[in-house]
Amino acid sequence: PRLILILMPTKTLSSGSGMNALTDTPQSARHQAGEIIVVMHSGEQLRFPATITPRLASATPAQLGEITLSPFGLHWPQIDEDLSIRGILAYIHLRE
């Protein structure tokens with residue numbers, strides 16, 4: 001069975017610097033030292049642990065490094081995992 005992560009934000013889905021998940025899109029993403037780092041077109045940088053979902057947590061570094069981008073989020077084709085920018089922002093805000 002596939003685990004679906006649904007994060008319900010209690011705050012507006014924007015970053016402290018004003019990035020808005022509805023208008024900003026990912027420019028690049030990489031795996032580095034146990035984190036996924038996403039650079040948005042606005043220049044905002046999002047960081048979150050590579051253990052955010054069970055599929056990411058059990059992936060190899062090579063699998064974590066193969067990330068494809070869409071206007072709405074990230075996809076890891078080797079492990080069939082997807083995360084939306086909105087979900088990532090909600091996760092980051094919940095940890096603040």
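Begin by selecting Ile 36, Val 38, Leu 46, Phe 48, Leu 74, Trp 76 and Ile 88: of the 20 residues in the largest nonpolar core, these touch the most other members. A nonpolar core here is a set of buried Ala, Val, Leu, Ile, Met, Phe, Trp, Tyr and Cys residues joined through side-chain atoms within 4.5 Å. Buried denotes under 20% relative accessible area, exposed over 50%, and partly exposed the range in between (1.4 Å probe, protein chains only).

The model is predicted: local features need pLDDT of at least 70, side-chain atom pairs count only at pLDDT 80 or more, and totals for chains, interfaces and linings use all residues. Residues are numbered from 1 along each chain as its sequence is written, and side-chain values use heavy atoms, with hydrogens and water left out.

Helices (H or I, at least four residues) and strands (E, at least two) are DSSP runs, numbered from the N terminus. In soluble globular proteins, nonpolar side chains tend to be buried together.

Centre the view on Trp 76. Beyond residues up to four places away in sequence, Trp 76 touches Ile 36, Phe 48, Leu 56, Gln 63, Leu 64, Glu 66, Ile 67, Glu 81 and Leu 83; contact means heavy atoms within 4.5 Å.

Now display the open sheet of three strands, whose order is 4-5-6 with antiparallel pairing. Strand 4 (68–70) and strand 6 (81–84) are at the edges with a single partner strand each, so one side of each has no neighbour in the sheet. Neighbouring strands are turned by 20° against each other on average, direction ignored. Two strands pair if DSSP finds at least two bridges between them.

Strand 4 is joined to strand 5 (residues 73–76) by three bridges, and Thr 68 stands opposite His 75 in strand 5.

Select the side chains of strand 6: Glu 81 and Leu 83 make up the covered face, Asp 82 and Ser 84 the uncovered one. Axes are lines fitted to C-alpha atoms, for helices over the stretch in contact, and angles run from 0 to 180 degrees between N-to-C directions.

**Two salt bridges**

The whole structure contains two salt bridges, each a side-chain nitrogen of Lys or Arg within 4 Å of a carboxyl oxygen of Asp or Glu. Select Arg 55 and Asp 80, whose closest N and O atoms are 3.8 Å apart. Arg 55 lies in helix 1 (residues 54–57) and Asp 80 in the loop between strand 5 and strand 6, so the pair ties together parts 25 residues apart in sequence.

Move to Glu 35 and Arg 47, where the closest N and O atoms are 2.7 Å apart. Glu 35 belongs to strand 2 (residues 35–40) and Arg 47 to strand 3 (residues 45–49), 12 residues apart. Glu 35 is partly exposed at 27% relative accessible area, and Arg 47 is partly exposed at 39%.
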